[in-house]
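Subject: Structure handover

Hi,

Here is the structure for you to look over. My notes come after it.

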Amino acid sequence: MKRLNYEEKRQLGLLIFYYRSSYFRSARNDNENFKQVNFCRGICSQAQLSRLENGEPLKDHEIYWLLLDKLNLKYERISSKEVLTFESYYEYIYEYQNNDQLAINYNEYILMINHFQNVFRNNVIYTHYNYALEFIVNILNEDLEEAYILLELVEKTLDILPPQLLILTLHYIGKYYYLINEYHVANKYYLLSLEHMHKNNLSNNVIYFDIAINEIKRKSYIQASYYLNRALGFYLNTNNQLTLGKIYFYFGLLYTLNKEYDISYRMLNKALEIAHTIHKRELLVNIYNLYVVNLYLTENLQKALIYLNEALLVESNKISRLLEVLIKHKLKQNPDDNLLGDNYFEIYQFVKLEDKEKYFEEVIEPKLNKYDILIQHVVLNELYVEYKTKKKYKKALELVEKYKI
């Protein structure tokens, strides 16, 4: 019988708790057998099981094997070669996300995850390590449905992960919640990732950038500025030009949201220079669209059209098309709204209305967070101007306080 070390006992105790409690909560006919008092009968005391399931190692190795056997779980040795190979795959993701020069081969990762699933089938600890890796790869590949399937498995067993994989997994759970617009939950996981990063003296500097973007979504602009400055400090004198360009873009966005347009332009000019140098279309379009929003909000509509044409030359995207329609509407040029999707057509309808308040409350506000942050900002400023024009100062103040415009 293999002897277990302290860390293995801790991990196995946590996994025994996870599976036992999952079976007890399930609709299985025998779920009562997994109630704590019944589950430990003939093996150990209920107090010992409770300690074990809270990660406190017990001296008796046999207890672990008997409990694992009741759950039909195995913990057999893995070859050092397979362990090192597995570790290299999540370590590469760690390097990749902090280095713009690297790329991910998703097909290779999928093949290797399937390989590890087979290799680890008799080792419950490494099986869960592989679940974490698979979850991360799903987020990298923007496959949220597959990520969701693994979410509980990963969230409920985070404490068994080794430090570097734990930091990475917490980071990508944060990304998952960011992508489904649950920014407060995302913030919790980002901060946990940051906490473990410092605790283990590991470097994962891109986390500062991701937290900053999430803080912008949460409208915590002071915190966003702090984290963007931290990210800038790490990336300023590196070859990570794409990340640096994105940092300047988000500084520009942050200053736009604070209506500090002159400083926003300075940040966008830096971002634009980088985007032209590295020829990144998506970054270019985002920068041009933000220029356009700044000019639209400051009533510089003719200049806004110039930047808009630059954006459309790079890529005809839904935000650029909506901005074109809004600008041409204000210039009374009979814009073509046929290319707008339903959601963005609603924004155009809102802007055209003489009385925007009711339409905003009934149609726009319930799904405001589903729109891009630039469009949110345009909509809220349109409503704010209407309130001020109609001398609804209390309404205007409430809007500013609620949405921090």
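Below are notes on a helix pair, aromatic rings, charges over rings and one glutamate.

This is a predicted model, so local features need pLDDT of at least 70 and side-chain atom pairs count only at pLDDT 80 or more, while totals for chains, interfaces and linings use all residues. Residues are numbered from 1 along each chain as its sequence is written, and side-chain values use heavy atoms, with hydrogens and water left out.

**Helix pair**

Helices are DSSP runs (H or I, at least four residues), numbered from the N terminus. H17 (residues 318–330) packs on H20 (residues 373–389) at about 25°. Their axes are 11 Å apart. Axes are lines fitted to C-alpha atoms over the stretch in contact, and angles run from 0 to 180 degrees between N-to-C directions. The pair is therefore roughly parallel (under 35 degrees). H17 contributes Ile319, Leu322, Leu323, Leu326 and Lys330 to the contact (heavy atoms within 4.5 Å). H20 contributes Ile375, Val378 and Glu382. By class, that is 6 nonpolar, no polar and 2 charged residues. Nonpolar covers Ala, Val, Leu, Ile, Met, Phe, Trp, Tyr, Cys and Pro; charged covers Asp, Glu, Lys and Arg; the others, Gly among them, are polar.

**Glu382**

Glu382 sits in H20. At 11% relative accessible area, Glu382 is buried (under 20%, with a 1.4 Å probe and protein chains only). Beyond neighbours within four places in sequence, Glu382 contacts Tyr296, Lys330, Phe350, Val351 and Lys356.

**Aromatic pairs**

The whole structure holds 30 aromatic pairs (Phe, Tyr or Trp rings, the six-membered one for Trp, with centres within 6.5 Å). One of them is Phe86 with Tyr90: centres 5.7 Å apart, planes at 70°, so edge-to-face (over 60 degrees). These two residues are 4 apart in helix H5 (residues 80–96), which is about one helical turn. Phe86 is buried at 0% relative accessibility. Tyr90 is buried at 5%.

Phe209 and Tyr250 also pair edge-to-face, at 5.7 Å and 75°. This pair links distant parts of the chain: Phe209 is in H11 (residues 206–217), Tyr250 in H13 (residues 241–257), 41 residues apart. Both are buried.

Ring pairs also join Phe86, Tyr89, Tyr90, Tyr109, Phe116, Phe120, Tyr126 and Tyr129 into a cluster.

**Charges over rings**

The charged end of Arg28 sits over the Tyr23 ring, 4.6 Å from its centre. The cut-offs are NZ of Lys or CZ of Arg within 6 Å of the ring centre and within 35 degrees of the ring normal. Lys259 lies over the face of Tyr384, 4.8 Å from the ring centre.

Best wishes

Key
Angles under 35 degrees count as roughly parallel, over 145 as roughly antiparallel, 65 to 115 as roughly perpendicular and the rest as oblique. Buried means under 20% relative accessible area, exposed over 50%, partly exposed in between (1.4 Å probe, protein chains only).
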